[in-house]
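I want to jot down what I look up, one entry at a time.

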Amino acid sequence: MSITIEPVALLPGYRVLDLSSSMGSFCGKVLRDLGMEVIKIEPPGGDAGRLEPPFAKGHAHREGSLRFAYLNGGKKSVTLDIAKDDGRRIFLDLVAKSDVVLETFTPGELAANQLGYAQLLEKQSKLILVSLTGFGQDGPYAHYKAPDIVGNAMGALLYISGDPKMTPCNPPETQAYYYASLMAGYGTMLALWQREMRGIGAWIDGSVQASMALHEHVAFNYAAEKRVMKRAGSQHQHNAPANLFQCKNGWIALFVTQTHWPLLLKVWDNHAPELDDPKWINSNLRRKEADYINAEVTSFTMRFTKEELAELMQKHGIPGLPVNSPSDFMKDPHIQARNFFSQVTHPVLGTYDAPGSFFTVNSKRGGPAPAPLLGQHNHEIFAGELGLSAETLAVLTAEQVI
Amino acid sequence: METPNQILKGVRILAFTTGYAGPYAGRLLANYGAEVIKIESRKGGLDTFRHYGQHKDIDEAPRFIECNLGVRSLAINLKNPTGTRLIRELAGKSDAILQNFRPRVLDKLGLGDEDLRKVNPKLVIVKLPGFGTEGPKSSYGTWGFNLTAFSGITYLWNHPEQDRPIGSQGVYPDHLGFVLGPTMMIAALLNSRRSGKGVTIDLAQIEGTAAVLGTTYLETSVNGDDPKPRGNHYALAAPHGVYRCQGDDRWCVISVRDDDEWRNFCRVVGRGDLVSDRRFTTLQLRVENRAALDAMVSEWTLARPAEEVMTRCQAAGVPASVVQTGADLLKDPQLRHRNYFSAFPDSLIGSFEIPRSGFLFKGVPEDPLKLPARFGSDNDQILGELLGYDKATIEQWRQEEVLT
């Protein structure tokens, strides 16, 4: 059996109105990948995310942001100024025909526009409102500003990331926003289940900080053991060798537990006789003596290329994988065989490979889709769905409502 | 009134899980009311986290407790044909299977998708294997640590001036897996409820990981670039980064994104003169001259506690925060306000608190989380009340080491 690319809508028939900035765009993308119709509602000038780098060919252009392209693939786009009276009325008409509203405004901002949860419920009594903010809807930090790096810092992932000799290092892209988006996505699923079972809506109050603070047992280590996790480079906290090791042409990530240690000694010819001492089976001891163990292991790994060594390790049941560049990953035969990437065509970006859905359904994978152009679906939604006349639309456009 | 913890009440999930991502996925479902029955055996089928740490009792490993809160426990030997028969019977009375074993482990035991669907055609099956169930490397052994490496994240998670890859000491992909798993579980259950048919979800953790590097892959495929580590630099803000503060290994984040934030920041640091400094009048200039800015910012932050930097900047509308440690999290007033920690005053390993989840159901109070059931402690209830076997039979299976 092999994985084929075809539409796999697990949740067809649901509609999401996505008002989110790039804080919540990934949540909307996941909902789209699950088969929901996701309508991005942008201010008439376009979502600010359209001007976030990186850009195609380096040129800042509102249809050229690659981040926007990835996070909004397959969504629809309408332009609507919901702060204006006409815009708000049209928005509420759409709410009446929708299941989920996703938003990332500062707490209280929607309510100040007469679009608070209570007002939305009047239009759609089973509505699921998904609000994602840096810190949640209320509390002492609720109004704190939270770019992605603040989320990583306040959740403690940043503190434990990087070389202890250097400044804490932020992960690539916007991981705090992504992770909080995924958490909000799970909240949306729970709310949807509740709605199907009991016929009621819900207001999900997502927090970037609270999402990130779940990571790496950081809170738990302190709560249960009074241990403050520190930066440790690539060295895992409980195991050795569990680190990156240099090879002829790059690096390999090895993770050797108690089970794998004897297997490693077997494939590692002429290892130091000292290592045959059964005391080394104990992970805690190996971790304690990680400097010694890591130096010995490096003398072994340096004999191979990272690909050769990963294959050798895996053949002997030891979890080893190469440190890939993004393009190494894209070219990997396994990833290719699984059809993870497939082609998308976009009027500005051209034809390119993009990741499909991160899951398969009965061995089928939903393919990627291009992001919508600004206002691409205005006619379809405003005229087709809401029945606004060409005349009305012209007036609304002139008044910069749409 | 029902609390949100009970949303999934009535959903029964059989969990074949070990380690971090799989069990935690089960925990997140159990925390909202699903009945998650974790199936293990002392005959070679114990969750590896039961051996984590110094505790002798397999119910006392802190990691295991953390990842399996609220989960029930059925001890059953899957190498015994009676054991696997009982699992098939149980599948007939369940809604879903959650598993993160290596591909084909369950198939070889007679518990593959087809075997279970013979008993229950509507069964939802969610798998979280490292490399997926199909493809040339599907048999590879993987951990979160080296999945990060394989995806490209490790390579990019670095300062540009560092001379070797660093990445993370942690297991980021496990965190992705344990929230994507339950998300897919409910989506598949909703789908199956509507269609009346079973659904199999293959959620390769490597692909869940790659999903958070999508923009970077587009840089490669659209622009033909091979993106390099960017560390704490960001093209749309300056100052932007992590700055050392007063104290031992204390840091703060500051991110100044537009002219308003810049003016406010200058006021906070008492450098109103910089507003008109020609090197810094636009965002683009500030980004170009960020080295000069960073030196100025560091001088200011070094003389202050990180908490003061955060409160003064945020009060003036400038994004800033403490780079918090585990100890900081436990006393964080915002997390406390959200009732974020669930307390376990009398657990097997003493008193501790644990984070709940990244979201709340607004206005609805939450139940406390529950400890995992002790190993095998649900055997009698599940086999007796659910499957209808009498005490003598169950006792006989215990003697025959079917239940162990």
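Before anything else, a term I need: I count two strands as paired if DSSP finds at least two bridges between them. I also remind myself that this is a predicted model.

**Entry 1: a strand pair.** I looked at strand 3 of chain A, residues 37-42, and strand 4 of chain A. They pair in the parallel sense over 4 bridges, so they pass the cut-off of at least two. I then picked out one bridge: A:Ile39 has A:Lys76 in strand 4 of chain A as its partner.

Entry 2: Which strands make up the open sheet, and in what order? I read off 4(A)-3(A)-2(A)-5(A)-6(A)-7(A)-12(B), which is 7 strands with mixed pairing. The edges are strand 4 (76-79) of chain A and strand 12 (359-361) of chain B. Each has a single partner strand, so one side of each has no neighbour in the sheet. From one strand to the next, I get an average twist of 20°.

**Entry 3: helices on the sheet.** Next I checked what lies across these strands. Helix 1 of chain A (residues 25-33) lies across strand 2 (15-18), strand 3 and strand 5 (100-103) of chain A, and its angle to strand 3 of chain A is about 150°. Helix 16 of chain A (residues 378-385) lies across strands 2, 3 and 4 of chain A, at about 70° to strand 4 of chain A.

**Entry 4: domains.** I noted how each chain is divided. Chain A has domain 1 (15-217 + 341-398) and domain 2 (242-330), with C-alpha centres 42 Å apart. Chain B has domain 1 (4-212 + 340-399) and domain 2 (240-244 + 250-324), and there the centres are 44 Å apart.

**Entry 5: where the chains meet.** How much area do chain B and chain A bury between them? I found about 12900 Å², with 65% of it on carbon and sulfur atoms. B:Gln169, B:Glu207 and B:Lys362 supply 7% of the area that chain B buries against chain A, more than any other three residues. The contact takes in 145 residues from chain B and 150 from chain A.

Entry 6: I got 10 salt bridges across the interface of chain B and chain A. One that I looked up joins A:Asp205 to B:Arg338, and their closest N and O atoms are 3.3 Å apart. Helix 8 of chain B (residues 172-195) gives the largest share of the side of chain B that touches chain A, with 17 residues.

Key. Residues are numbered from 1 along each chain as its sequence is written. Chains are lettered from A and ligands numbered from 1 in the order in which they are written. This is a predicted model: local features need pLDDT of at least 70, side-chain atom pairs count only at pLDDT 80 or more; totals for chains, interfaces and linings use all residues. Side-chain values use heavy atoms; hydrogens and water are left out. Domain bounds come from an automatic or database domain assignment. Helices (H or I, at least four residues) and strands (E, at least two) are DSSP runs, numbered from the N terminus. Axes are lines fitted to C-alpha atoms, for helices over the stretch in contact, and angles run from 0 to 180 degrees between N-to-C directions. Contact means heavy atoms within 4.5 Å. Buried area is the accessible area (1.4 Å probe) that two parts lose on being put together, summed over both. A salt bridge is a side-chain nitrogen of Lys or Arg within 4 Å of a carboxyl oxygen of Asp or Glu.
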